[in-house]
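This report walks through one protein chain for someone who has not seen it before. Please keep the sequence and the model in view while reading.

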Amino acid sequence: MPGRTAGRSPSLPALSPPDIEAAKKMARTAESRIRVIVRKRPLNEEEVAEGYSDIIEVQDSGSSALSSAHVAVHEPKVKVDLTKYVETVRFRFDAVYGGASDNTQVYAGTAGRLIQRIFERGQSSTVFAYGATGSGKTHTMLGTEDEPGIYMLAARDIFETLAQPKHADLELRVSSYEIYSSKVFDLLNDRAVCPIREDARKRVNVVGLSETAVGDLATFRSVLMLMAEARQTAATCAHAESSRSHACLQLTLRRRDAGAATERSSADTGHFRFVDLAGTERGADRERELQASRESEPILLIVSSYT
């Protein structure tokens with residue numbers, strides 16, 4: 001979330017006591033089923049070289065429950081009489097991670113809190129990754145060899161839990177699809193087109209979606225690479241290799257002893273879905289953004305049916 005200033009950035013004011021007290025009150029309330037969490041991307045080398053300045057402040061008072069709830073945007077502006085000033089707008093989220101945070105920290109405060117739910121029968125969770133092209137979604141979700149992303153960290157915790165004797169009857173199955181140009185494509189089956197249908201339970205399903213049984217992290221990593229390579233990309237003004245589709249990675253726990261005649265849903269113990277939304281744009285790419293917004297409706301229908 002960088003911004004350009006004409007000169008040196010002014011000092012950044014701290015949050016006022018009333019803001020802090022309001023955050024404390026919010027932290028004491030019951031946790032919502034929906035949490036909105038923001039990760040700040042630091043300026044990259046190119047932005048620093050071009051003279052961009054960091055105008056985003058993540059408040060840090062030493063308390064993780066409080067300090068991670070505030071973001072202040074200090075935007076340089078010019079009055080009609082050419083007087084320069086800084087307009088500050090503050091936002092409050094369930095959590096905010098600063099530019100120095102790593103994927104392990106972000107995972108622990110997001111998906112990591114939900115993994116155990118899929119081991120409780122009937123429980124499902126969904127994590128949406130949303131942001132402008134170039135904001136770091138791929139780094140956070142997919143990661144690198146040196147810094148695994150949320151996908152790999154979640155799989156690690158799942159396999160560690162599956163190794164417990166009480167879960168010996170469960171196995172992990174992985175499926176993945178994307179929505180592009182109003183069609184659903186199976187990313188693990190040569191991009192086969194899959195129809196969307198509503199079943200007798202009023203749940204929306206991707207018909208014919210393939211599943212892959214995954215028994216270890218190495219196999220899971222291979223599946224991730226296959227998914228990433230199959231995903232549709234198109235150039236945008238902001239990023240030459242931006243993903244222009246919504247993609248869903250679904251992790252399903254299923255009983256090993258479920259026979260061929262057993263209905264899939266009745267054998268499932270839980271689902272965990274990661275939804276990577278297409279990068280949001282502005283200006284010349286507005287039409288692509290509107291198209292992506294329309295294409296997000298099927299994913300929302302599918303996810304809401306099982307959450």
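The sections below go from the whole chain to a sheet, the nonpolar cores and a few loop residues.

## Basis of the model

The model is predicted; local features need pLDDT of at least 70, side-chain atom pairs count only at pLDDT 80 or more, and totals for chains, interfaces and linings use all residues. Residues are numbered from 1 along each chain as its sequence is written, and side-chain values use heavy atoms, with hydrogens and water left out.

## The chain as a whole

The chain has nine helices and 16 strands. Helices (H or I, at least four residues) and strands (E, at least two) are DSSP runs, numbered from the N terminus. Of its 307 residues, 40% count as buried. Buried means under 20% relative accessible area, exposed means over 50%, and partly exposed lies in between (1.4 Å probe, protein chains only).

Among contacts with a separation of 6 or more, 67% join residues 24 or more positions apart. A contact means heavy atoms within 4.5 Å.

## A three-stranded sheet

Strands of a sheet pair through backbone hydrogen bonds, either parallel or antiparallel. Here three strands form an open sheet in the order β4-β5-β6, with antiparallel pairing. Two strands pair if DSSP finds at least two bridges between them. The edge strands, β4 (56–58) and β6 (84–92), each pair on one side only. From one strand to the next, the twist averages 25 degrees; axes are lines fitted to C-alpha atoms, for helices over the stretch in contact, and angles run from 0 to 180 degrees between N-to-C directions.

Strand β5 (residues 70–78) is joined to β6 by nine bridges. Val-73 stands opposite Val-89 in β6.

## Nonpolar cores

A nonpolar core is a set of buried Ala, Val, Leu, Ile, Met, Phe, Trp, Tyr and Cys residues joined through side-chain atoms within 4.5 Å. The largest one has 37 residues, of which Ile-158, Val-174, Phe-220, Leu-249, Leu-251 and Phe-274 touch the most other members. Elements that each supply at least two residues include α4 (103–109), α6 (150–162), β9 (170–180), α7 (217–230) and β15 (246–255). Helix α6 gives the most, with nine residues. Apart from this core lies another, of nine residues, among them Ile-179, Cys-248, Val-275 and Leu-277.

Which residues does Phe-220 touch, not counting those up to four places away in sequence? They are Tyr-151, Met-152, Ala-155, Phe-159, Val-174, Val-214, Leu-249 and Leu-251.

## Residues in loops

Asp-190 is in the loop between β10 (183–186) and β11 (192–193), and Arg-191 is placed in the loop between β10 and β11. Asp-190 has a phi near 55 degrees, a positive value in a residue other than glycine; for Arg-191 phi is near 60 degrees. Asp-190 is exposed, at 76% relative accessible area, whereas Arg-191 is partly exposed at 24%.

Gly-134, in the loop between β8 and α5 (137–141), is partly exposed at 37%. Gly-134 and Arg-41 are 93 residues apart in sequence and 9.2 Å apart in space, C-alpha to C-alpha. Glu-211, in the loop between β13 (204–206) and β14 (212–214), counts as buried at 18%. Its side chain makes a polar contact with the side chain of Arg-254 (2.5 Å). A polar contact is a pair of N or O atoms within 3.5 Å; within protein, one must be able to donate a hydrogen and the other to accept it, and residues adjacent in sequence count only if both atoms are side-chain atoms.
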